[in-house]
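Let's take a look at how charged side chains pair up in a protein model. Here it is.

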Amino acid sequence: ETLTELKKRHRVVAWVEKAISAAAYTAMHANEIYWHDEGTMGAIVMYSGDTAISGRRLAAWVKQCGDAAEESNLNRSIAEAMITRGEVCSYTKDPETGKVTIYDDLSGEVDLCDASNVLTLNKLQAIDVGYCMGVANTKEELAKHLGLSEWHEITDAGQKIYDRHTRTVDRA
């Protein structure tokens, strides 16, 4: 809800390197999503303890993720396939027009997710299905995509949080 409200007043940009689980859900709330070359996004499986949720809780989570995707003009089926095994998704891209048709089954030319996997997009898939507006590996490249003449950070607080989190994950 906070990100949805924030988007009404500010330009919210996600820059995907490894947007897995909650990070993927967060990225879906952005107005724009850009990717690193080796970016990944998906696997939004919700757990209660060490067991994946099911039943009504799972149905509510699937709806919530699909709604978040639609609010950001992203495809709902793709978001839902990131949540649980059993959801399937494929697409076909017209070679002449570039128009992509996404299917809730495996009738498309490119399978994104079969019933035995939870969807995690790579950069090329994300570009095809509209989950990527551009690729940037540096802040300077991202600034160009955003139409900024230069990158200027007001504070390094966010970078410090990221660095501390990365060190913690590496130690774990």
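## Lys93 and its partner

Let's start with Lys93, which is partly exposed at 37% relative accessibility. That label covers values between the two cut-offs: buried is under 20% relative accessible area and exposed is over 50%, using a 1.4 Å probe and protein chains only. Lys93 pairs up with Asp128 in a salt bridge, with the closest N and O atoms 2.9 Å apart. The two sit in distant parts of the chain, 35 residues apart: Asp128 in helix 5 and Lys93 in strand 5 (residues 89-93). Asp128 is partly exposed too, at 22%.

A salt bridge here means a side-chain nitrogen of Lys or Arg within 4 Å of a carboxyl oxygen of Asp or Glu. Helices (H or I, at least four residues) and strands (E, at least two) are DSSP runs, numbered from the N terminus.

## About the model

This is a predicted model: local features need pLDDT of at least 70, side-chain atom pairs need 80 or more, and totals for chains, interfaces and linings use all residues. Residues are numbered from 1 along each chain as its sequence is written, and side-chain values use heavy atoms, leaving out hydrogens and water.

## Another link to helix 5

Lys123 and Asp37 also meet in a salt bridge, at 3.1 Å from N to O. Lys123 is in helix 5 (residues 123-129) and Asp37 in strand 2 (residues 32-42), so this pair ties together parts 86 residues apart in sequence. Lys123 is buried at 17%, while Asp37 is partly exposed at 34%.

## A network

In total, the structure has 10 salt bridges. Some of them form a network linking Lys63, Asp67, Glu70, Arg76 and Glu80.
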